[in-house]
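Please read it with the coordinates open beside you.

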Amino acid sequence: APAPAPAPAPTEKLSPPTSTTAPTGKKKKKRVLVVCGPGNNGGDGLVAARHLVMFGYEAMVVYPKRSKREVHYSKLVKQCEDVGVKVLDHLPEEESNNHEYDVIIDAIFGFSFKGEAREPFGTIINKMIEMQQTKKIPIIAVDVPSGWNVDEGDVANTGMVPDVLVSLTAPKLCSKEFRGRHFVGGRFLPPNIAEKYGIQMPPYPGVRQVMELRNTNSAALEKKDDSDNNWAEEYAAYCAEKEAEELKSNKIESMEAKKEGQEADDDDWALQYQNYCIEKEAKLAEKEKADAEKKASGSVDDC
């Protein structure tokens, strides 16, 4: 499989988890609805919900059919509840206060799904699509959009078209037809397995575990003159630039908060730690770029 190409700079910046302002003037957390299925894809959703809380989001899980075969899943539910995640058996009613979200995570069905979605998931998928279209709530699909065939795409004509796809370990064949923002995550595929199945993994820069890709059917993939090194250098430079902009924005925000006499709270601590991580990533990216330039210079001298 050819290596996917790095994505161009996005037209809009992804919002940090505390970018919505409450009527009181204090920032409130972004709300995420995680819809989980009964299998491994649903387990991924439960794990994502717990981590989202740790990253400063407010997550709610809809888990209509809980797996009774694997005790592992009940433990994942317990871990979610331990960090304050509500786990419901059905979608909240529209008139309730729990019906407003900033994003929906589709973790219902994965690569083993075939045929048509059984109830209650058929209705839930249709409701998610309705929320996406009428309320403009973006959908992020985990590995494979629910209802899609892993190889052929939406052959059942579900109408599910997520805004973002997060492929796990490697993109699946159905992602060839996907036109939204596409990420791949999972930097743990053993080299012998990758070689056996002809999978060329993206060159993750620094310590990153996730990378954004262009559409896998892009004409740019047919070009053979772009090396992985050039790709990695360009993407590292892009990440460093974006993170520097975010760091500057966060520092200004922090200074303004101090001027207004706001007391330090959990959000301030999270902001400081985020700034620290961004600085470390930027330094790593600069070091990698310098090392690559030095290596390239040495190759020219050898000639």
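**Notes on the predicted model**

1. In strand β9, Val184 is the bridge partner of Ser167. Strand β8 (residues 164-168) and β9 (residues 181-185) run parallel and are joined by 5 bridges, where pairing requires that DSSP finds at least two bridges between the strands. On β8 there is also a pairing with strand β7 (residues 139-142), parallel in sense and made over 3 bridges, and here Val142 has Val166 of β8 as its bridge partner.

2. The model is predicted, so local features need pLDDT of at least 70 and side-chain atom pairs count only at pLDDT 80 or more, while totals for chains, interfaces and linings use all residues. Residues are numbered from 1 along each chain as its sequence is written, and side-chain values use heavy atoms, with hydrogens and water left out.

3. The chain holds 6 helices and 10 strands, taken as DSSP runs numbered from the N terminus, with helices being H or I of at least four residues and strands E of at least two. Of its 303 residues, 36% count as buried, that is, under 20% relative accessible area with a 1.4 Å probe and protein chains only. Among contacts (heavy atoms within 4.5 Å) with a separation of 6 or more, 69% are between residues 24 or more positions apart.

4. Which residues touch the most other members of the largest nonpolar core? In this core of 23 residues they are Leu33, Val35, Ile104, Ile108, Ile124, Met128 and Met160, a nonpolar core being a set of buried Ala, Val, Leu, Ile, Met, Phe, Trp, Tyr and Cys residues joined through side-chain atoms within 4.5 Å. Two or more residues each come from β3 (31-36), β4 (58-62) and α3 (121-134), and α3 gives the largest share, with 6 residues.

5. Val35 deserves a separate look: leaving aside neighbours within four places in sequence, its contacts are Val62, Leu91, Ile104, Ile105, Asp106, Ala107, Ile108, Ile124 and Met128. A second, separate core has 19 residues, including Ala59, Val87, Val103 and Val142.

6. On the cysteines, the count comes to 0 disulfides, with a disulfide taken as a pair of cysteine sulfur atoms within 2.5 Å. Cys36 is in no disulfide, and the nearest cysteine sulfur, that of Cys80, is 7.4 Å away. Cys80 is likewise in no disulfide, its nearest cysteine sulfur being that of Cys36. Cys36 is buried, at a relative accessible area of 0%, and Cys80 also counts as buried, at 0% relative accessibility.

Note on methods:
Buried < 20%, exposed > 50% of the residue type's maximum accessible area, 1.4 Å probe, protein only.
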